[in-house]
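Here are my notebook entries on some helix packing and on the space inside the fold. Please keep the viewer open and follow along.

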Amino acid sequence: MWKGIIEEYRKFLPVTDKTPVVSLCEGNTPLICAQTLSKLVSDEVYPHTKKSSVGVYLKYEGLNPTASFKDRGMTVAISKAVEEGRKAVMCASTGNTSASAAAYAARAGIKCVVLIPEGAITLGKLSQALIHGAKVIAIKGNFDDALRIVREICEKHPITLVNSINPYRIEGQKTGSFEICDSLGDAPDFHAIPVGNAGNITAYWKGYKEYKAANISKRLPKMLGFQAEGAAPIVLGHPVKEPRTIATAIKIGNPASWKQAEAARDESGGLIDMVSDDEILAAYKLLASMDGIFVEPASAASVAGILKLAKKGFFNVRRQKPDEQRMRIVCVLTGHGLKDPDRAIASVDKPKVLEPNVDLVLKEMGL
Ligand code: AN7
């Protein structure tokens, strides 16, 4: 039975026999081969062949206990906080960190305080933080303002900060790379990921490097990070004062792990690019309607990103020789679609309301 990422990858993590493991059996998420996406990307790379020569794999992190990737880091951060005798944790959040922190703190029996930007986190995420019993405080400001306040409070009080500037968060999140390598037998050619506060791209790159150093994988992927166009400080090269995007999870103007994200990009020979809200929404709908996978908009940024790159011919120059195995691209789908049901409903036609009559229903079915 899967016991959560700490037990499964204990030797790669900063835990000892004395660490009380606070786990909800996170991790072990599926790596799904996306048929439609593989075909779309293959058609750009090899327009004249029938078979998909590129495999696009989706790491569906929305299937973690609180429905986002944050649980991988939170199990380690909360376990270490309890080991250190802490009675309270705190975070700023665009939503998923607060949901995860609230759940793991509840399980550990410690207090959790979350600071959120007023009106800017989705219904699903807010409901999670509240039902798990966190103290939720909204501030009239954005995520960056909230994080500044949390940092100041945690520096002066015995409260553990559980945003991804907490190194234990990164340690836990790197296990996503281990699982991908375990599933594929090696690292992929490319690893695409949305970038907000830039903790996750930092974590995945660390994980890939550690697995290679341990000789479990033989190669390293090129890291492809994607920000939303209205919240793309790393792409622009300067902080964005008033970030804007429908992908509220990555609406961040001054990422805490900026330098580490650039290092992941440069060391791997990858890139960090941006995608528009329209491109994000198109990828969001495509994933749901063609590949059967429902994610929140921020998660679709990685898919929007590879589609954009494929159309520009980015993957063509890396075309392999015919005898090599097919090119593999992994996209991390960071959060579940049910986190943001309002966006789903706003993105499609509303159901029609009819009188309860068979003929009317048959006509509307349009088969
Ligand atoms: C679904 O919850 O920052 O680049 O406060 O929820 O590691 O920040 C969330 C970020 C991508 C970006 N996808 O990851 C928070 C928060 C989803 C997210 C990201 C987030 P990082």
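**Entry one: α9 and α11.** I began with a helix pair, and found that Ile201, Thr202, Trp205 and Lys209 in α9 meet Gln260, Ala261, Ala263, Ala264, Glu267 and Ser268 in α11. Contact here means heavy atoms within 4.5 Å. By class, I get five nonpolar, three polar and two charged residues in this contact. For the classes, Ala, Val, Leu, Ile, Met, Phe, Trp, Tyr, Cys and Pro count as nonpolar, Asp, Glu, Lys and Arg as charged, and the others, Gly among them, as polar.

A note on the source: this is a predicted model, in which local features need pLDDT of at least 70 and side-chain atom pairs count only at pLDDT 80 or more, while totals for chains, interfaces and linings use all residues. Residues are numbered from 1 along each chain as its sequence is written, and side-chain values use heavy atoms, with hydrogens and water left out.

Next I looked up the geometry: the axes of α9 and α11 (residues 258–268) come within 8 Å and cross at roughly 45°. Axes are lines fitted to C-alpha atoms, for helices over the stretch in contact, with angles from 0 to 180 degrees between N-to-C directions. Helices are DSSP runs (H or I, at least four residues), numbered from the N terminus. The two helices are therefore oblique to each other; angles under 35 degrees count as roughly parallel, over 145 as roughly antiparallel, 65 to 115 as roughly perpendicular and the rest as oblique.

**Entry two: α4 and α5.** I then turned to α4 and α5 (residues 123–131), which pack at about 25° with their axes 8 Å apart. That makes α4 and α5 roughly parallel to each other. From α4, Asn96, Ser98, Ala99 and Ala102 meet Lys125, Gln128 and Ala129 of α5. I count three nonpolar, three polar and one charged residue in this contact.

How do α12 and α13 lie to each other, I wondered? The axes of α12 (residues 277–290) and α13 (residues 297–311) come within 7 Å and cross at roughly 100°, and the helices are therefore roughly perpendicular. Glu279, Ile280, Ala283, Tyr284 and Leu287 of α12 touch Pro297, Ala300, Ala301, Val303, Ala304 and Lys308 of α13. Their classes are nine nonpolar, no polar and two charged.

Finally I searched the whole structure, which gave one cavity of 30 Å³ or more. On a 1 Å grid over the protein atoms alone, a cavity is a set of points where a 1.4 Å probe fits but cannot get out, and lining residues have an atom within 4 Å of a point. Of the 26 lining residues, Phe69, Lys70, Gly196, Asn197 and Ala249 are the closest to its centre. The lining divides into ten nonpolar, twelve polar and four charged residues. I was pleased to meet α9 again, with the largest share of the lining, three residues.

Methods. On a 1 Å grid over the protein atoms alone, a cavity is a set of points where a 1.4 Å probe fits but cannot get out, and a pocket is an open set with protein on both sides within 12 Å along at least five of seven lines; lining residues have an atom within 4 Å of a point. Grid points are joined across faces, edges and corners, and a volume is the space filled by probe spheres set on the points.
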